[in-house]
Amino acid sequence: MFAIGASLTAARQARGLELRDAEQLTCLRAKYLSALEREHYDELPGRAYARAFLRTYATALDLHADRLVAEFDEQVPEPEPPPAAPPLRRHDRHWLPLLGTAAGLGALAVVGWSAWSQPTSAPAPVVSPPAKLAAPAQTHAAASAVKAAHVVHRTAVSAAPRPAVIEASGDCWVLARKGGPAGAVLAERTLHAGDVLRLKATHVWLRLGAPWNVSVHRGAHVLHGLPSGTPVNVGV
C-alpha cells in the first residue's frame with residue numbers, strides 16, 4: 001500500500017507545475033486535483049468521479065494510471081449494496097384480498113353518498129344568442145393570417161439544430177462546454193447506465209471520463225471510434 005496523493009504531488013512538483021497548470025493540462029478543476037493530492041475523496045462528487053479523475057490526472061503526469069487506480073480500489077472499495085427488503089410473511093398475504101375488498105366497499109359508499117346528496121333536478125342551461133357571422137372578407141383574411149403564422153412557426157421549428165445526445169450504458173463523467181475547451185460550461189455530471197444527456201448548443205466540446213460507457217450522436221450522425229481505457233476530448 002502506498003500514498004496516492006503524495007505520488008501525485010511529487011510528480012506534479014517534479015515537472016514544475018502548479019495546480020493551475022495541472023488544471024489546464026487535465027481540463028479538471030484545481031479543487032478536484034487538490035482533493036486527490038490530499039486524498040480527501042469526500043470532496044469529489046462521488047466514487048466514480050474520483051476514480052475517473054485519478055486516472056486522468058495520473059496519465060497527464062506520466063504515472064502508471066492502472067496501478068494508482070488499483071490502489072484506489074483497494075483503499076476505497078465499492079460500498080456494499082443495501083440489504084434486500086424482507087419477503088412478505090405468509091400470514092400477511094392473507095390480508096391483501098381483504099384490504100382490496102374493504103377499499104372497493106369504501107369507494108362504493110362514497111359514490112352512493114355523492115349520488116344521494118346531489119339535487120334531483122339541475123337548473124336549465126342558459127343559451128347564449130348566436131354570434132353575428134363575420135363578413136366573408138373578414139373570414140378569408142383571418143384564415144390567411146392563421147395560415148401564414150403556421151408556416152412561419154413550422155419554418156422556425158425546422159431551422160433549429162438537433163441537440164447533441166449522450167446515452168450512457170455505464171458510469172461516465174462528462175464535462176460539456178459550448179464551442180470549445182475554453183467555452184461556457186453546459187453540463188458537468190456523472191452519467192449512470194440508462195441516463196441520457198441532451199445539449200442544444202450548435203457546437204459542443206466534450207471531455208468524457210469513460211468514453212467506452214457512452215454513445216454520442218447528433219441526429220443521424222453517430223460519433224464512432226471512442227477509445228477504451230482512457231478519457232478523451234471530442235467535438236460534436
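Two strands pair if DSSP finds at least two bridges between them. The views below apply this to a predicted model.

**View 1. An open sheet of four strands.** The strand order is β3-β2-β5-β8, and the pairing is antiparallel. β3 (185–191) and β8 (232–235) stand at the edges. Each of these two has a single partner strand, so one side of each lacks a neighbour in the sheet. On average, neighbouring strands of this sheet are turned by 15° against each other, direction ignored.

**View 2. The pairing of β2 with β3.** Strands of a sheet pair through backbone hydrogen bonds, either parallel or antiparallel. Strand β2 covers residues 172–178 and runs antiparallel to β3. Six bridges join β2 to β3. Leu175 has Glu188 in β3 as its bridge partner.

**View 3. Helix α2 crossing helix α4.** Helix α2 spans residues 19–26, and helix α4 spans residues 47–60. Their axes come within 10 Å and cross at roughly 105°. Angles of 65 to 115 degrees count as roughly perpendicular, so α2 is roughly perpendicular to α4. From α2, the contact involves Leu19, Ala22, Leu25 and Thr26. These residues meet Thr56, Tyr57 and Ala60 in α4. By class, the contact of α2 with α4 has five nonpolar and two polar residues, with no charged residues.

**View 4. The buried residues of helix α3.** Tyr32, Leu33, Ser34, Ala35, Leu36 and Glu37 are the buried residues of α3. What covers them includes the helices α1, α2 and α4. Strand β3 is also among the covering elements. Just after α3, Glu39 takes a positive phi of about 60°.

**View 5. The salt bridge between Arg12 and Glu37.** The structure holds nine salt bridges. One of them pairs Arg12 with Glu37. The closest N and O atoms of this pair are 2.6 Å apart. Arg12 lies in helix α1 (residues 4–14), and Glu37 lies in helix α3 (residues 30–38). The pair therefore ties together parts that are 25 residues apart in sequence.

**View 6. The salt bridge between Glu43 and Arg38.** The closest N and O atoms of Glu43 and Arg38 are 2.9 Å apart. Glu43 is partly exposed, with a relative accessible area of 41%. Arg38 counts as partly exposed too, at 39% relative accessibility.

View 7. Arg47 forms a salt bridge with Asp73. Their closest N and O atoms are 3.0 Å apart. The pair links distant parts of the chain. Arg47 is in helix α4, and Asp73 is in helix α5 (residues 65–75), 26 residues apart. Asp73 is partly exposed, with a relative accessible area of 25%. Which residues make up the network? Salt bridges that share partners join Arg47, Arg51, Asp73 and Glu78.

Conventions: Residues numbered from 1 in each chain as written. Predicted model: local features only at pLDDT ≥ 70, side-chain atom pairs only at ≥ 80, totals over all residues. Heavy atoms only, no water. Axes fitted to C-alpha atoms, helices over the stretch in contact; angles between N-to-C directions. Parallel < 35°, antiparallel > 145°, perpendicular 65-115°, else oblique. Contact = heavy atoms within 4.5 Å. Nonpolar A, V, L, I, M, F, W, Y, C, P; charged D, E, K, R; others polar. Salt bridge = Lys/Arg side-chain N within 4 Å of Asp/Glu carboxyl O. Buried < 20%, exposed > 50% of the residue type's maximum accessible area, 1.4 Å probe, protein only.
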